[in-house]
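Me: Could you take me through how the secondary-structure elements of this model pack and pair?

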Amino acid sequence: MTGKNTLFVDMTAATMQDSQAAYGLVPDAAIAVVDGVIEWVGPAAELPAPLHDLDRTSLGGRLVTPGLIDCHTHIVHGGNRAAEFEMRLNGAGYEDVARAGGGIVSTVSATRDASEADLLADALRRVDALIAEGVTTIEVKSGYGLDIETELRMLRVARAMGKHRAIRVKTTFLGAHATPAEYAGRDDAYIDEICIPALRAAHAEGLVDAVDGFCEGIAFQPAQIARVFDAARELGLPVKLHAEQLSNLGGARLAASYGALSADHIEYLDEAGVKALAAAGTVAVLLPGAFYTLRETQAPPIDALRKHGVPMALATDINPGSSPLNSLLLTLNMGCTLFRLTPEEALRGVTRNAAQALGLTDRGTIAAGMRADLAVWDIEHPAELAYRIGFNPLHTRIFGGAV
């Protein structure tokens with residue numbers, strides 16, 4: 001294992017910085033790391049003299065990218081929904097399953113029944129699979145408790161994951177995910193009596209980095225989400241939103257009006273919504289796992305997002321129902337195959353743009369001043385990461401300069 005002061009040499013670096021070269025590629029590159037932070041990156045022949053004395057580690061001519069970032073997950077949850085997978089294959093739709101008492105609500109029961117230790121053990125198994133693919137940062141949402149006690153338990157587990165593994169965890173409060181059975185037909189009461197008080201309690205305990213909601217016909221209306229966002233604003237927390245996944249309720253425009261970090265799913269987003277995201281600097285997070293699992297046919301408006309310069313991120317959306325996808329590498333391929341992203345757009349979506357979707361400015365590119373979170377691959381060109389299916393070419397993961 002190398003320490004946090006190292007000169008990495010013998011590589012091609014896909015820096016993902018803006019440059020004339022695709023992927024910000026630097027052949028025969030060197031990366032100098034001091035105290036876990038990138039001090040310098042560039043052609044090895046141009047290495048500044050003061051950095052020549054750093055301990056050298058050869059990467060054997062391999063390709064290096066920023067560490068991957070999974071910016072939308074529901075990785076902490078109890079149970080599974082394999083039975084509902086069968087239901088959908090037998091013709092039931094996502095809304096049919098939800099209205100029959102399945103979907104999110106069924107996971108709520110399993111999560112409420114699970115201990116903190118059990119939730120952590122299960123989540124770490126899923127996290128280990130991501131780490132093995134070069135992931136160095138993940139976002140984790142609550143939203144399967146829907147009561148104050150369990151929402152806090154989920155967020156504590158998410159925080160604990162970063163103590164048990166060499167990975168950065170950003171936590172998101174998603175109390176406005178669904179209305180629990182005990183509040184059936186009383187959505188507004190749930191928002192006022194459980195969701196917002198749970199948010200305040202989680203914030204007081206230091207468990208929340210951002211606030212999310214599910215704005216959809218089977219979840220919450222824009223006016224209800226706005227009340228949650230008002231509470232988030234009062235607490236000084238950034239927001240993001242599950243928006244326009246199954247229909248267009250104007251959720252993305254609502255999110256943009258609050259300066260949201262991201263609007264996620266967005267299959268049914270219209271051009272007015274795209275323009276709102278562009279004006280607000282909000283990232284569009286694309287989730288092909290849910291699109292694939294639900295057999296959706298309307299893809300996100302990729303051309304409009306490109307036209308208006310909206311940054312596009314990609315994420316697994318790991319969850320037990322609509323996206324039981326536990327591979328960010330497969331997500332790259334799905335983003336290209338299902339949504340027609342280019343491989344460069346896809347890789348940017350799990351590095352630079354994913355960092356922006358989490359409000360992180362210290363990672364996502366290989367550049368001076370960034371954390372030395374890197375992934376070293378046994379491939380020649382970064383397009384190979386999105387090209388292969390079911391193949392993991394990771395050679396080494398570097399977290400804060402440590403291999």
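**Helix packing and sheet pairing**

Reply: Helix 4 (residues 116-131) and helix 5 (residues 148-164) pack at an angle of about 50 degrees, with their axes 9 Å apart; axes are lines fitted to C-alpha atoms, for helices over the stretch in contact, and angles run from 0 to 180 degrees between N-to-C directions. This is a predicted model, in which local features need pLDDT of at least 70 and side-chain atom pairs count only at pLDDT 80 or more, while totals for chains, interfaces and linings use all residues. Residues are numbered from 1 along each chain as its sequence is written, and side-chain values use heavy atoms, with hydrogens and water left out.

Me: Which class of orientation do helix 4 and helix 5 fall into?

Reply: Angles under 35 degrees count as roughly parallel, over 145 as roughly antiparallel, 65 to 115 as roughly perpendicular and the rest as oblique. With an angle of about 50 degrees, helix 4 and helix 5 are therefore oblique.

Me: How many nonpolar, polar and charged residues has the contact of helix 4 with helix 5?

Reply: The contact (heavy atoms within 4.5 Å) includes Leu119, Leu120 and Ala123 of helix 4 and Arg153, Val157 and Met161 of helix 5. Ala, Val, Leu, Ile, Met, Phe, Trp, Tyr, Cys and Pro count as nonpolar, Asp, Glu, Lys and Arg as charged, and the others, Gly among them, as polar. On that basis the classes are eight nonpolar, one polar and three charged residues.

Me: How are helix 6 and helix 7 oriented to each other?

Reply: The axes of helix 6 (residues 187-204) and helix 7 (residues 222-235) come within 10 Å and cross at roughly 20 degrees. The two helices are therefore roughly parallel.

Me: Which strands stand at the edges of the open sheet, and why is one side of each left without a neighbour?

Reply: Six strands form this open sheet in the order 3-2-1-4-13-14, with mixed pairing, where two strands pair if DSSP finds at least two bridges between them. One side of each edge strand has no neighbour in the sheet because each has a single partner strand, and these edge strands are strand 3 (37-43) and strand 14.

Me: Which residues of strand 13 are buried on its two faces?

Reply: Strand 13 (residues 374-377) is covered on both faces, buried meaning under 20% relative accessible area with a 1.4 Å probe and protein chains only. In a regular strand the side chains alternate between the two faces of the sheet. The buried residues are Leu374 and Val376 on one side and, on the other, Ala375 and Trp377.

How values were computed:
Helices (H or I, at least four residues) and strands (E, at least two) are DSSP runs, numbered from the N terminus. Buried means under 20% relative accessible area, exposed over 50%, partly exposed in between (1.4 Å probe, protein chains only).
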